[in-house]
Amino acid sequence: MRSDRKMENARWVACIARIRADADEGAFAELYAHFAPRVKGFLMKSGADTTLAEECAQDVMATLWQKSHLFDPARASAATWIFTIARNRRIDALRKSRRPDPEDITWGPAVPPDQADLLALQQESAALTKAIGALPAKQKALIEAAYYADLSHSEIAKETGLPLGTIKSRIRLALERLRQAMN
Amino acid sequence: MTPEIRHHLTDALLMAYAAGSLPEAFSLTVAAHISMCDECRARLGAYDAIGGALIEDGGAADMPGGSFAACLARARATPMVATSNPAPPGVNGVLPGPIRDYVGGDLDAVRWRPVGMGVRQAILRTDKRATARLLHIPAGTSIPDHGHHGTELTLVLQGAFLDATDRFGLGDIEVANEDLDHTPVADIGVDCICLTASDAPLRFHKLGYRIAQRFLRI
């Protein structure tokens with residue numbers, strides 16, 4: 001499972017490289033088949049209706065095509081990069097707000113990424129996905145609520161009826177577990 | 001610009017910034033801190049990666065037939081973005097890039113308004129869920145004793161301030177909530193410039209300030 005995931009990220013990284021180098025439509029189709037439905041699912045859990053989620057998922061994938069030069073595989077997995085594009089699209093479309101980026105965060109690699117860095121990142125991404133999958137259900141649900149529904153802690157408290165302190169400590173425990181799993 | 005930073009972002013703020021759920025004024029303050037702090041930048045990478053892992057393992061919803069062709073047509077309609085050009089560093093940069101974007105320049109472009117006792121402020125335009133403001137506090141001056149209804153972030157961009165909890169220098173961020181009543185004082189030596197973000201009005205403890213508050217939008 002873990003090695004599958006590593007290989008999978010290597011496959012997506014290669015697809016993005018083919019788009020960048022040759023505007024390769026076949027590579028784009030592979031990425032689209034895998035990620036567009038996931039981005040749509042992500043946006044629907046965030047409160048978008050079907051039409052808006054499909055529209056935005058297409059925007060996200062079109063952005064991936066156009067910004068393929070800016071993807072740095074030593075900094076993030078393909079899924080993480082796509083998550084950041086989908087998140088920004090959601091803030092724009094659903095929240096009608098802006099999320100300023102830090103200075104000098106450019107996805108553009110100044111130098112070709114080091115193979116060892118690349119491999120380390122793939123391993124860490126795979127380990128993180130596995131660790132999230134292994135979280136107790138109650139903790140995982142709160143992490144998902146924070147990312148998918150983009151609810152604040154007090155909004156989660158309102159929705160679930162859980163005390164704010166419980167939510168905070170469960171999220172803290174979840175992060176602690178993830179940290180341990182990654183060490 | 002990597003000053004020696006002692007006060008960092010909380011896990012909760014980093015996670016909310018990665019998830020994209022913060023009011024714009026808070027996102028701006030977090031982005032400005034990360035622009036100055038490599039440690040928090042690295043920590044943010046881990047929170048973005050949680051988002052990536054969730055999208056990878058989360059539920060997929062089928063796209064309708066023909067959507068790929070439509071998407072490809074859309075992708076091809078605009079030219080690809082060329083290799084990134086990092087924003088040019090600020091000239092005599094006091095303000096980190098994200099704040100410069102809101103001000104429309106560096107410190108000399110800020111439109112300050114006096115709020116009394118030599119303190120000046122400039123409110124930056126963000127979404128209505130919270131307020132972002134730059135504060136210019138003359139060296140040695142104190143901000144009136146106040147508490148907070150919600151959360152207030154204060155990021156030091158120049159100089160330093162002290163309150164009962166600690167000293168906050170260049171790049172440090174203070175996260176204050178309902179539990180903290182404080183009287184921040186700008187350190188002597190150099191005027192203190194901060195970016196603050198708050199999701200509720202401050203509570204000043206003297207009536208006079210409260211009236212001023214209504215007019216000055218502190």
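Reply: Among contacts in chain A between residues at least 6 apart in sequence, 66% join residues at least 24 apart, where a contact means heavy atoms within 4.5 Å. This is a predicted model, in which local features need pLDDT of at least 70 and side-chain atom pairs count only at pLDDT 80 or more, while totals for chains, interfaces and linings use all residues, and side-chain values use heavy atoms, with hydrogens and water left out. Residues are numbered from 1 along each chain as its sequence is written, and chains are lettered from A and ligands numbered from 1 in the order in which they are written.

Chain A has eight helices and zero strands, both taken as DSSP runs numbered from the N terminus (helices are H or I of at least four residues, strands E of at least two). Of its 183 residues, 50% count as buried, that is, under 20% relative accessible area with a 1.4 Å probe and protein chains only. The pLDDT, the predictor's confidence in each residue from 0 to 100, averages 86 in chain A, with 90% of the residues at 70 or above. Over residues 105-109 of chain A, however, pLDDT stays under 50, and where pLDDT is low, the predicted coordinates should not be read in detail.

The part to look at closely is helix H5 of chain A, which covers residues 115-133. Its 19 residues reach 27 Å from the first C-alpha to the last, close to the 27 Å expected at 1.5 Å a residue, a span found as 1.5 Å times one less than the number of residues. The buried residues of H5(A) include Leu118(A), Leu121(A), Gln122(A), Ser125(A), Leu128(A), Thr129(A) and Ile132(A). In general, an α-helix has 3.6 residues a turn, so residues three or four places apart point the same way.

A cavity is a set of points on a 1 Å grid over the protein atoms alone where a 1.4 Å probe fits but cannot get out, and lining residues have an atom within 4 Å of a point. The elements that give two or more residues to this lining are H5 and helix H6 (137-148) of chain A, together with helix H3 (38-57) of chain B. The second largest cavity has a volume of about 40 Å³, the volume being the space filled by probe spheres set on grid points, which are joined across faces, edges and corners.

Key: On a 1 Å grid over the protein atoms alone, a cavity is a set of points where a 1.4 Å probe fits but cannot get out, and a pocket is an open set with protein on both sides within 12 Å along at least five of seven lines; lining residues have an atom within 4 Å of a point.
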